[in-house]
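Me: I'd like to learn how to read a few features of a protein model. Could you walk me through them one at a time?

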Amino acid sequence: MNPKFSIVYPTKDRPDYLYYCLKSAKLQTFENFEVIISDNSQYQSAKPVYSEFLNDTRFKYFWTGGHLAMADNFSFAIKLAKGDYVTVLTDKVTLLPSALEVANKILQINIFLAACFG
């Protein structure tokens with residue numbers, strides 16, 4: 001069975017960067033994932049960027065109210081993740097299209113090795 005990955009993007013006032021991050025997530029060849037967008041902008045600057053991804057239920061937008069410290073925004077976003085594996089990326093990090101597929105293969109190999117060699 002394939003695990004579900006959660007890609008968490010805590011962001012604040014960098015919608016242009018976030019757009020490329022979300023586009024890279026959309027292009028993943030491994031499809032069992034969710035993207036959590038935690039917008040810590042007072043004016044919800046990430047919401048217009050998210051609107052392009054509304055039709056993809058894997059993408060979820062949350063607004064913090066715009067008053068959290070960076071670490072608190074990260075914690076807020078992580079609590080929303082429902083995947084078996086969670087990665088927190090800054091809004092300047094894009095993914096290669098095969099990133100989650102490679103991560104899944106590595107996990108499967110490690111699970112196999114653990115079963116064989118305990």
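Predicted model: local features only at pLDDT ≥ 70, side-chain atom pairs only at ≥ 80, totals over all residues.

Me: Which residues of α1 are buried?

Reply: Leu18, Cys21, Leu22, Ser24 and Ala25 are the buried ones. Looking down the axis of α1, you find these buried residues within an arc of 160°, so they line one face of the helix.

Me: What do the buried residues of α1 pack against?

Reply: Their packing partners are β1, β2, α2 and β3.

Me: Now the core. Which residues touch the most other members of the largest nonpolar core?

Reply: The general idea is that in soluble globular proteins, nonpolar side chains tend to be buried together. In this model the largest nonpolar core has 21 residues, and Ile7, Tyr9, Leu22 and Val35 touch the most other members. At least two core residues come from each of β1 (5-11), α1 (15-26), β2, α2, β3 and α4 (99-117). The largest share, four residues, is supplied by α1.

Me: Take Val35 as an example. What does Val35 touch, leaving out residues up to four places away in sequence?

Reply: With those neighbours not counted, Val35 touches Ile7, Tyr9, Leu22, Ala25, Arg58, Phe59 and Lys60.

Me: Last topic, rings. How many aromatic pairs does the structure hold?

Reply: There are six aromatic pairs. To classify a pair, look at the angle between the ring planes: under 30 degrees counts as stacked, over 60 as edge-to-face. The rings of Phe33 and Phe59 have centres 6.4 Å apart and planes at 80°, so this pair is edge-to-face. Phe33 lies in strand β2 (residues 33-39) and Phe59 in strand β3 (residues 59-63), so the pair ties together parts 26 residues apart in sequence. Both Phe33 and Phe59 are buried.

Me: And how are the rings of Tyr50 and Tyr61 arranged?

Reply: Their centres are 5.5 Å apart and their planes at 25°, so Tyr50 and Tyr61 are stacked. This pair links distant parts of the chain, with Tyr50 in helix α2 (residues 47-50) and Tyr61 in strand β3, 11 residues apart. Tyr50 and Tyr61 are both buried.

Me: Which residues form an aromatic cluster?

Reply: Phe5, Phe30 and Tyr85 form one.

Methods. Residues numbered from 1 in each chain as written. Heavy atoms only, no water. Phe/Tyr/Trp six-rings, centres within 6.5 Å; stacked < 30°, edge-to-face > 60°. Buried < 20%, exposed > 50% of the residue type's maximum accessible area, 1.4 Å probe, protein only. Core = buried A, V, L, I, M, F, W, Y, C linked by side-chain atoms within 4.5 Å. Contact = heavy atoms within 4.5 Å. Arc of directions from axis to C-beta.
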